[in-house]
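Reader: Could you walk me through this one before I set anything up? I'd like the conventions spelled out as we go.

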Amino acid sequence: MDPQMSEKLKELFETKLNRSMRLYLDTCARCGACVEACHVYQSMPETKYTPVGRAEIIRKLFKRYFKLQGKIAPWLGETIDLDDIGLDKAYEAAFSCTGCRRCVTYCPFGIDTQQVMGIAKLLLIGAEKQPQILSMLSDMSVAKGETWETSRQDYQEAVANLAPEVEALYPVQPGKPAIPLDVQGANVLYVGLSGKHSIVPAAAILNAAKENWTLSYFEAVNFAAWLGDTNKQNAIAKRIIDEATRLGVREVAIVECGTATRVMKFMTGSHPFKVVSIVELIARYLKEGRIKVDSSRFKGSLTYHDPCQLARNGGVMEEPRYIISKLTDNFIELTPNREENWCCGGGGGFISLGEHEFRMKSSKVKADQMKASHAESICTACENCHTQLTELNEHYELGMKVESLTNLVAHALVR
Ligand code: SF4
Ligand code: SF4
């Protein structure tokens with residue numbers, strides 16, 4: 001690596017060294033309390049897959065360039081250089097971590113490995129060694145924010161074609177569109193994903209609640225959050241913020257996507273509208289009696305997977321359980337659950353990256369947990385988790401049905 005690049009990476013590293021990051025890098029007691037908390041280590045017990053092992057790569061770089069001993073006597077050990085080998089280690093550490101933050105809940109100092117891995121990701125971006133697929137998907141999302149009006153009519157036509165499927169789930173009031181677009185002053189802006197599965201069930205529920213809503217032109221997913229590129233992350237979120245502001249909505253409801261919900265709720269500052277997960281909105285509609293569901297529609301036993309970014313990192317834990325209590329009385333909790341639930345292994349952008357073999361191996365503990373529940377079906381409220389659970393179900397031959405919570409509600413709506 002040429003000295004100019006090395007200097008650039010040091011400067012990038014320094015931008016992350018705020019007070020809490022210095023604390024994370026300085027205070028680890030190597031107590032090991034986080035080790036067993038990581039699903040990757042539980043499933044593939046190698047030191048490099050422990051939270052402390054991952055963070056150690058960054059700590060060694062920190063010592064090398066920002067601590068006196070490392071600066072004057074790096075040969076004394078516990079340091080690594082910012083070179084190609086160092087960056088390869090940073091890559092392996094960062095992109096074998098889903099950012100689930102389960103380890104944080106077990107660390108006595110609250111050391112946030114996901115944040116520490118943010119340094120690794122920033123260095124990789126600086127050296128142009130980041131995963132290209134996440135970079136490309138992020139760029140496409142940002143570009144859509146700049147060019148969406150050119151595809152506006154195509155989108156309107158595609159959305160209008162979904163009306164019969166929405167009506168099959170719940171009849172639309174006469175004179176109203178099944179999927180409204182561009183509704184100025186709507187109460188709710190619903191932000192889906194690409195694919196009708198993320199739009200049709202939610203549309204039926206919003207219509208059943210007689211909500212004054214409108215569909216976003218954008219997808220909620222924020223690939224840059226997994227990439228660790230804060231500028232692009234903000235640009236992707238800004239498309240939705242601008243749209244919500246332009247329409248003057250009171251609330252933005254995010255599709256079943258843990259990361260998108262967390263980014264919009266907690267990482268974009270304050271707005272003149274509220275941000276909720278679609279799960280929170282559905283629970284509210286049920287509580288207020290705005291929608292009713294038929295508890296005889298769902299057959300068999302059901303368990304629920306708490307998506308890490310929605311539950312542990314987003315605080316949405318009781319709402320899904322309230323919804324499930326209306327759908328069935330045959331609910332079985334996974335053990336452990338809520339804040340302590342095992343990550344499914346599909347977060348951190350791993351689904352977009354492919355990585356099938358690693359995802360299956362590193363999530364054996366999740367498959368074991370699913371099997372131990374003896375539930376016939378498992379539902380969740382995150383697209384990534386749904387994909388990962390579906391693949392785990394097939395790979396480990398668990399014989400379960402994997403469901404989306406929104407979809408279950410849409411199919412149980414009482415007319
Ligand atoms: S954030 Fe999750 S995947 Fe990453 S080290 Fe911690 S427990 Fe493991
Ligand atoms: S639990 Fe915290 S202090 Fe202990 S080894 Fe892990 S990161 Fe370090």
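Author: Let me start with a definition: two residues are in contact if their C-beta atoms, placed from the backbone, lie within 7 Å. With that in hand, among contacts in the protein chain between residues at least 6 apart in sequence, 77% join residues at least 24 apart. This is a predicted model, in which local features need pLDDT of at least 70 and side-chain atom pairs count only at pLDDT 80 or more, while totals for chains, interfaces and linings use all residues. Residues are numbered from 1 along each chain as its sequence is written, and chains are lettered from A and ligands numbered from 1 in the order in which they are written.

Reader: OK, and what does the secondary structure of the protein chain come to?

Author: There are 22 helices and seven strands, where helices (H or I, at least four residues) and strands (E, at least two) are DSSP runs numbered from the N terminus. The radius of gyration, taken over C-alpha atoms, is 22 Å, close to the 22 Å that the globule rule (2.2 Å times the number of residues to the power 0.38) gives for 415 residues, so the protein chain is as compact as a globular protein of that length.

Reader: Which domains does the assignment give?

Author: Domain 1 (3-126), domain 2 (133-287) and domain 3 (302-410), with bounds that come from an automatic or database domain assignment. The C-alpha centres of domain 1 and domain 2 lie 35 Å apart.

Reader: How many residues are in the largest nonpolar core?

Author: That core has 89 residues, and those with the most contacts inside it are Ile 205, Val 252, Ile 254, Ile 282 and Val 409. It draws at least three residues from each of domain 2 and domain 3. By nonpolar core I mean a set of buried Ala, Val, Leu, Ile, Met, Phe, Trp, Tyr and Cys residues joined through C-beta atoms within 7 Å; a residue is buried if 20 or more other C-beta atoms lie within 10 Å of its own, exposed if 12 or fewer, and partly exposed in between. A second, separate core of 37 residues includes Cys 103, Val 104, Cys 107 and Val 116.

Reader: Switching to ligand 1, which residues come nearest?

Author: Of the 15 residues around ligand 1, those are Cys 38, Pro 51, Cys 97, Cys 100 and Cys 103, a residue being near a molecule if its C-beta atom lies within 6 Å of it. The elements giving two or more residues to this shell are α4 (51-66), α7 (102-106) and α8 (113-126).

Reader: And what surrounds ligand 2?

Author: Its surroundings include Cys 28, Cys 31, Cys 34 and Cys 107, along with Pro 51. The shell divides into ten nonpolar, one polar and one charged residue, where Ala, Val, Leu, Ile, Met, Phe, Trp, Tyr, Cys and Pro count as nonpolar, Asp, Glu, Lys and Arg as charged, and the others, Gly among them, as polar.

Reader: Last topic, backbone geometry: where is the cis peptide bond?

Author: The bond from Thr 335 to Pro 336 is cis, with omega near -5 degrees, and Pro 336 is found in the loop between α17 (318-327) and α18 (350-353).

Reader: What is phi of Glu 128, and is that residue buried or exposed?

Author: Phi of Glu 128 is near 55 degrees, a positive value in a residue other than glycine. Glu 128 is exposed, with 9 other C-beta atoms within 10 Å, and is found in the loop between α8 and α9 (132-147).
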